[in-house]
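The chain is shown first.

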Amino acid sequence: TALIEQPGFLVYRNTVLKGSTDALLANFPTIERLVGTEWLKAAAAIYARQSPPTDSRLLHYGADFPDFLDAFEHAREMPYLGDVARLDLLWTQVHCAKDEPDIDPSVFTNLSQKDLARSRLTPKAASRWAWFPDNPAYTIWRFNREERDMPDELNWRGEGALLTRKQARVCWEAASAADCTFLDACAAHLPLELAAEKALEVQPDLNLADLIARLFRADAFASVSIHRSS
C-alpha cells in the first residue's frame with residue numbers, strides 16, 4: 001500500500017490509465033462517433049481500471065470491451081453498442097492479419113461433381129465475419145464508420161457483416177446468416193458439401209453458386225484443397 005501511494009507510482013498509474021483510454025478511443029472510432037468523445041473517455045477509464053492492458057501492443061487492447069459495453073449500465077439504451085464495438089474489433093483484426101496470396105476461382109472449373117463436394121475452402125486470416133441476430137449492428141457501424149448521416153428509420157432486424165482486405169485496404173459488405181454459417185463451416189475445415197448443407201438449413205432458398213462467387217470476389221479465401229480417398 002505504501003508503494004502504490006508514492007508520487008512516482010501515481011504518475012505511472014495515471015500514465016498507464018491515459019494510455020489505455022487513448023488506445024480505446026483509437027481502437028473504437030465508430031463507438032466514439034456514436035456516443036461522443038467525453039462519454040467514451042469516461043467509459044474507457046472505468047474499463048481500463050477493471051481490465052488494464054496485458055499486451056504492450058495497444059492496437060490490440062480492448063478485446064473484451066464489447067462485453068463490457070453489453071453490461072455497462074450507461075449503455076442500456078444503446079443495446080447495439082457492444083455489437084458495433086465487435087465490428088471495430090474485426091476491422092483491427094483484418095487490418096493486422098498476415099498477407100496471403102489470392103486464389104483464382106477458376107480452380108473449380110475442372111473439378112468433377114465428386115471432387116467439388118469434397119473440396120475445402122479455407123478462409124484467409126484477413127477474413128472476418130459475424131452475424132448479429134438482435135439488431136442492425138452492421139448498418140449502424142457502416143454509416144458511422146464511413147462518417148455518413150444515419151438513415152431516419154432503421155429496419156430493426158438482425159444483420160451480418162463480412163470484412164476482408166484488398167490491396168492493403170479493409171473492405172466490408174453485408175452478410176446473411178447463411179453466409180456466416182457457410183464461412184463458419186469453412187473455417188471448421190468442413191468439405192463444401194457439408195458447409196453447403198449447413199448454410200441451406202439456415203436459408204433453404206440460398207443460391208450456393210452466387211454465395212461462393214460473392215465470397216471469391218471479396219477475396220475471402222486463402223486456398224482450395226481437394227481431399228480424395230486413398
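## Leu81 and the largest core

In this predicted model, Leu81 is in contact with Ile31, Leu34, Val35, Trp39, Leu69 and Ala75, when neighbours within four places in sequence are left aside. Leu81 is also among the residues with the most contacts inside the largest nonpolar core, together with Ile31, Phe65, Leu87 and Leu163. That core has 38 residues.

Several elements each supply at least two residues of this core: H1 (7–27), H2 (29–35), H3 (37–50), H4 (65–71), H5 (81–96) and H7 (137–145) among the helices, and the strands S2 and S3. The largest share, seven residues, comes from H5. Another core, of 22 residues, lies apart from it and includes Ala178, Ala195, Ile212 and Ala218.

## The three-stranded sheet

An open sheet of three strands is arranged in the order S2-S3-S4, and the pairing is antiparallel. Strand S2 (128–132) and strand S4 (169–175) are the edge strands, each pairing on one side only. On average, neighbouring strands of the sheet are turned by 20° against each other, direction ignored.

Strand S3 covers residues 159–166 and is joined to S4 by seven bridges. Opposite Arg165 stands Val170 in S4.

## Packing of H8 and H10

Helix H8 (residues 177–187) packs with H10 at an angle of about 70°, and their axes are 11 Å apart. Angles of 65 to 115 degrees count as roughly perpendicular, so H8 and H10 are roughly perpendicular to each other. On the H8 side the contact is made by Asp179, Phe182 and Leu183, and on the H10 side by Leu208, Leu211, Ile212, Arg214 and Leu215. By class, this contact of H8 with H10 has six nonpolar, no polar and two charged residues.

## Ala218

Where does Ala218 lie? Its place is the loop between helix H10 (208–217) and strand S5 (221–226). The relative accessible area of Ala218 is 2%, so the residue is buried, the cut-off being under 20%.

Neighbours within four places in sequence aside, Ala218 is in contact with Leu162, Thr164, Lys166 and Glu173. Leu162 is 56 residues away along the chain, and the C-alpha atoms of Leu162 and Ala218 are separated by 8.7 Å.

Definitions and conventions: Residues numbered from 1 in each chain as written. Predicted model: local features only at pLDDT ≥ 70, side-chain atom pairs only at ≥ 80, totals over all residues. Heavy atoms only, no water. Helix = DSSP H or I, 4+ residues; strand = E, 2+ residues; numbered from the N terminus. Buried < 20%, exposed > 50% of the residue type's maximum accessible area, 1.4 Å probe, protein only. Contact = heavy atoms within 4.5 Å. Pairing = 2+ DSSP bridges. Axes fitted to C-alpha atoms, helices over the stretch in contact; angles between N-to-C directions. Parallel < 35°, antiparallel > 145°, perpendicular 65-115°, else oblique. Nonpolar A, V, L, I, M, F, W, Y, C, P; charged D, E, K, R; others polar. Core = buried A, V, L, I, M, F, W, Y, C linked by side-chain atoms within 4.5 Å.
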